[in-house]
Amino acid sequence: MNQYPDSPLLQHIADDLAEQGWSLQSVFLSAELTEALADECRARAQAGQLAAASVGRGEGQAVREGIRGDRIQWLEPGQSPACDRYLALMDALRQELNRSLYLGLEDFECHFALYPPGAFYQKHLDRFRDDDRRSVSAVLYLNPSWLPQQGGALRLYLADGSARDIAPLGGSLVVFLSGEFPHEVLPAERERLSLTGWFRRRGDAPL
Ligand code: OGA
Ligand code: MN
C-alpha cells in the first residue's frame, strides 16, 4: 500500500530524474526520523554489527580499504519501527518512479554505512559488470549539522564534465541513475553516517 500518494516531494524527485538523471532533496526526512535512524546506526556499530564493506561480486569480492573504507550492515524489514518507516517511504518512491517514469523497479535494497574519520570511497559506478539490475541509487544522510569544511562530500560527476559536491547533511536525500553517474565519497574529519540503497529492476528470467 502506498502511504504517500501524490507526495510533491516524491514527484519532484521523479521530475529531476527525468530532466537531469539525479536529484538532491536537502530537506527530505524529518529530524525525528533522521535521528532515530542515526541512533540505530550508532547502536549497531557499537554492538559490532557493522562489517567492513567489500567491492566486487562473487569470486572477485574482497575488502579493499584502499578503495572503500566504510563499514556497513544491510537493512531487513521488521528490525525496528524507524527502519520500517524508511523502507515504506522508499517503497512509495519506487512506486512513484514506476508510475511516472516507467522504470519497472521491483525492489529496494539498502545498508547503513559508517565512514570513520579519514575513510573514503574511490570514484566508481553503482553497477556490477555482470549484474545491471541496480537502476537508481538513493543515499540518505544521517549527520546532524554537517559543515562543508568537514569534508565527506559525495562528489557526483555529471555528463557535461563538471562535478557536484553534496555535503552529507542529516535528512537530505540524493537520488541518481546508477549506471550514469560516476561518483566518490571524499574523506571527512568526523564520522559520516548514511543509509545507502538501490532500486533494482527484475533480472532476466530464464526461458
Ligand atoms: C556507495 C556510495 C555514497 C555516499 O555506497 O556506493 O557511493 O555518499 N555512497 O555515501
Ligand atoms: Mn556508490
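Which residues are around ligand 1? They are Y121, H124, D126, V139, Y141, L154, H183, V185, R192, S194, T196 and W198, a residue being near a molecule if one of its heavy atoms lies within 4 Å of it.

The structure is a predicted model, in which local features need pLDDT of at least 70 and side-chain atom pairs count only at pLDDT 80 or more, while totals for chains, interfaces and linings use all residues. Residues are numbered from 1 along each chain as its sequence is written, chains are lettered from A and ligands numbered from 1 in the order in which they are written, and side-chain values use heavy atoms, with hydrogens and water left out.

## The ligand and its surroundings

The space that ligand 1 takes is the largest pocket. On a 1 Å grid over the protein atoms alone, a pocket is an open set of points with protein on both sides within 12 Å along at least five of seven lines, whereas a cavity is a set of points where a 1.4 Å probe fits but cannot get out; lining residues have an atom within 4 Å of a point. A molecule sits in a cavity or pocket if more than half of its atoms lie within 2 Å of its grid points.

Strand β11 provides the largest share, with four residues. Helices (H or I, at least four residues) and strands (E, at least two) are DSSP runs, numbered from the N terminus.

By class, the shell consists of six nonpolar, four polar and two charged residues. Here Ala, Val, Leu, Ile, Met, Phe, Trp, Tyr, Cys and Pro count as nonpolar, Asp, Glu, Lys and Arg as charged, and the others, Gly among them, as polar.

| Side chain | Distance to an oxygen atom of ligand 1 |
|---|---|
| H124 | 3.2 Å |
| Y141 | 2.5 Å |
| R192 | 2.8 Å |

Of the 290 Å² of accessible area that ligand 1 has on its own, the protein covers 98%. Accessible areas come from the Shrake-Rupley method with a 1.4 Å probe, and for residues only the protein chains shown count as cover.

## Residues of the shell

H124 is found in strand β5. It is buried because its relative accessible area is 15%, where buried means under 20%, exposed over 50% and partly exposed in between (1.4 Å probe, protein chains only). The side chain of H124 also reaches the backbone oxygen of Q122 at 2.8 Å, and a polar contact of 3.1 Å joins it to the side chain of D126. A polar contact is a pair of N or O atoms within 3.5 Å; within protein, one must be able to donate a hydrogen and the other to accept it, and residues adjacent in sequence count only if both atoms are side-chain atoms.

Strand β10 holds both H183 and V185. H183 counts as buried because its relative accessibility is 4%, and V185 is buried because its value is 7%. The C-alpha atoms of V185 and R155 are 6.3 Å apart in space, although these residues are 30 apart in sequence. For H183 and S100, 83 residues apart along the chain, the C-alpha separation is 26 Å.

T196 lies in strand β11, and it counts as buried because its relative accessible area is 13%. Its side chain makes a polar contact of 3.4 Å with the side chain of S194.

## Loops and helices

Two loop residues other than glycine have a positive phi. Y102, with phi near 55 degrees, lies in the loop between α3 (81-101) and β4 (105-115). S145, with phi near 35 degrees, is placed in the loop between β6 and β7 (154-157). Y102 is exposed because its relative accessibility is 70%, and S145 is exposed because its value is 59%.

Turning to the helices, L89 is in helix α3 and is buried because its relative accessibility is 10%. Its C-alpha atom is 28 Å from that of A188, 99 residues away along the chain. C41 lies in helix α2 (residues 31-46) and is buried because its relative accessible area is 0%. C41 and R57 are 16 residues apart in sequence, and their C-alpha atoms are 25 Å apart in space.
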